[in-house]
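Here is a protein chain to explore together. Take a look at the sequence and the 3D picture, and then we will walk through them step by step.

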Amino acid sequence: PVPTVSVDLVAASYRASAFPQDWSREKREHEARRYEKFLLLAAKNRGRRATPTREIDELWHLHMLHPQAYYDDCMRLFGRIFDHDGGFGTGPGELPVLKAAFRKFADRWEKEYGEPYVACMPTDQAGATNCWHDCVDRCWHACSD
């Protein structure tokens with residue numbers, strides 16, 4: 001079978017200065033597998049927003065640093081480049097859209113893979129919860145900041 005990602009992102013993570021170097025090998029391997037699952041779910045649900053966790057986004061950025069592999073992988077999975085809008089959620093009125101999209105993606109993930117997408121999910125529309133990852137800036141997880 002053809003791998004989802006054609007570059008060894010775990011090995012690449014050790015060479016990328018912008019990658020979190022405090023991640024253990026186990027965490028890198030775990031998140032690389034989750035990134036591949038993220039891509040597969042996004043490809044299966046074309047036309048719907050795919051919202052990454054902060055950790056998955058780290059792997060997405062790393063994948064994009066290998067432009068030929070990223071292009072080839074995207075063309076195989078999506079038939080086009082899988083666009084990344086890294087600033088979405090920071091503009092006026094975008095955060096509620098991001099939160100709603102994140103909840104929908106998390107629901108699809110759980111239905112597809114039988115596991116939670118994140119350890120915590122907001123229980124109300126306001127998103128009031130304390131997340132395990134301690135959001136500091138724009139929250140990628142649709143949790144309150």
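## A patch on the surface

Isoleucine 81 is partly exposed, because its relative accessible area is 38%, and buried would require under 20%. You can find isoleucine 81 in the loop between α4 and α5. Together with Tyr71 and Met75, Ile81 forms a nonpolar patch on the surface, and these residues have about 250 Å² of accessible area together. Please keep in mind that this is a predicted model.

## The overall layout

Now step back and look at the whole chain. The protein chain has 5 helices and 0 strands, so reading along the sequence gives the pattern α-α-α-α-α. Of its 145 residues, 46% are buried. The accessible surface comes to about 8200 Å², and carbon and sulfur atoms account for 53% of that.

How do the contacts span the sequence? Among contacts between residues at least 6 apart in sequence, 60% join residues at least 24 apart.

## Inside the core

In soluble globular proteins, nonpolar side chains tend to be buried together. Here, the largest nonpolar core has 32 residues. The members that touch the most other members are Tyr35, Phe38, Leu39, Leu59, Phe78, Phe82 and Tyr117. At least two core residues come from each of α1 (9–15), α2 (25–44), α3 (54–64), α4 (67–78) and α5 (94–113). Which helix gives the most to this core? That is α2, with 7 residues.

Leaving aside residues up to four places away in sequence, tyrosine 35 touches Val5, Leu9, Ile56, Leu59, Trp60, His63 and Tyr70. Several of those names come up again in α3, where Glu55, Ile56, Asp57, Leu59, Trp60, Leu62 and His63 are buried. The buried residues of α3 pack against α1, α2, α4 and α5.

## Aromatic rings side by side

A pair of aromatic rings is described by the distance of the centres and the angle of the planes. How many aromatic pairs does the whole structure hold? A search finds 11 of them. In the pair of phenylalanine 38 and phenylalanine 82, the ring centres are 6.2 Å apart and the planes meet at 50 degrees, so this pair is tilted. This pair links distant parts of the chain, with phenylalanine 38 in helix α2 and phenylalanine 82 in the loop between α4 and α5, 44 residues apart.

Phenylalanine 82 also pairs with phenylalanine 78: their ring centres are 4.4 Å apart and their planes lie at 15 degrees, so this pair is stacked. Ring pairs link Tyr35, Phe38, Trp60, Phe78, Phe82, Phe102, Phe105, Trp109, Tyr113 and Tyr117 into a cluster.

## Salt bridges within a helix

Charged side chains have their own partners, and the structure holds 5 salt bridges. One of them joins glutamate 29 and arginine 25, whose closest N and O atoms are 3.0 Å apart. Why do these two residues sit about one helical turn apart? Because they are 4 residues apart in helix α2. An α-helix has 3.6 residues a turn, so residues three or four places apart point the same way. Glutamate 29 is partly exposed at 30% relative accessible area, and arginine 25 is partly exposed at 42%.

Arginine 76 and aspartate 73 form a salt bridge, with 2.8 Å between the closest N and O atoms. They are 3 residues apart in α4, which means a separation of about one helical turn. Which partner is buried, and which is partly exposed? Aspartate 73 counts as buried, at 1% relative accessibility, whereas arginine 76 counts as partly exposed, at 38%.

## A salt bridge across the chain

Another salt bridge forms where the side chains of lysine 37 and glutamate 115 meet, at 2.9 Å from N to O. It links distant parts of the chain: lysine 37 belongs to helix α2 and glutamate 115 to the segment after α5, 78 residues apart. Lysine 37 counts as partly exposed, with 21% relative accessibility. Glutamate 115 is partly exposed as well, with a relative accessible area of 26%.

Conventions: Residues numbered from 1 in each chain as written. Predicted model: local features only at pLDDT ≥ 70, side-chain atom pairs only at ≥ 80, totals over all residues. Heavy atoms only, no water. Core = buried A, V, L, I, M, F, W, Y, C linked by side-chain atoms within 4.5 Å. Buried < 20%, exposed > 50% of the residue type's maximum accessible area, 1.4 Å probe, protein only. Contact = heavy atoms within 4.5 Å. Patch = residues over 30% accessible without salt bridge, like charges linked within 9 Å, V, L, I, M, F, W, Y side chains within 5 Å. Areas by Shrake-Rupley, 256 points an atom, 1.4 Å probe, with all protein chains shown as cover. Salt bridge = Lys/Arg side-chain N within 4 Å of Asp/Glu carboxyl O. Phe/Tyr/Trp six-rings, centres within 6.5 Å; stacked < 30°, edge-to-face > 60°.
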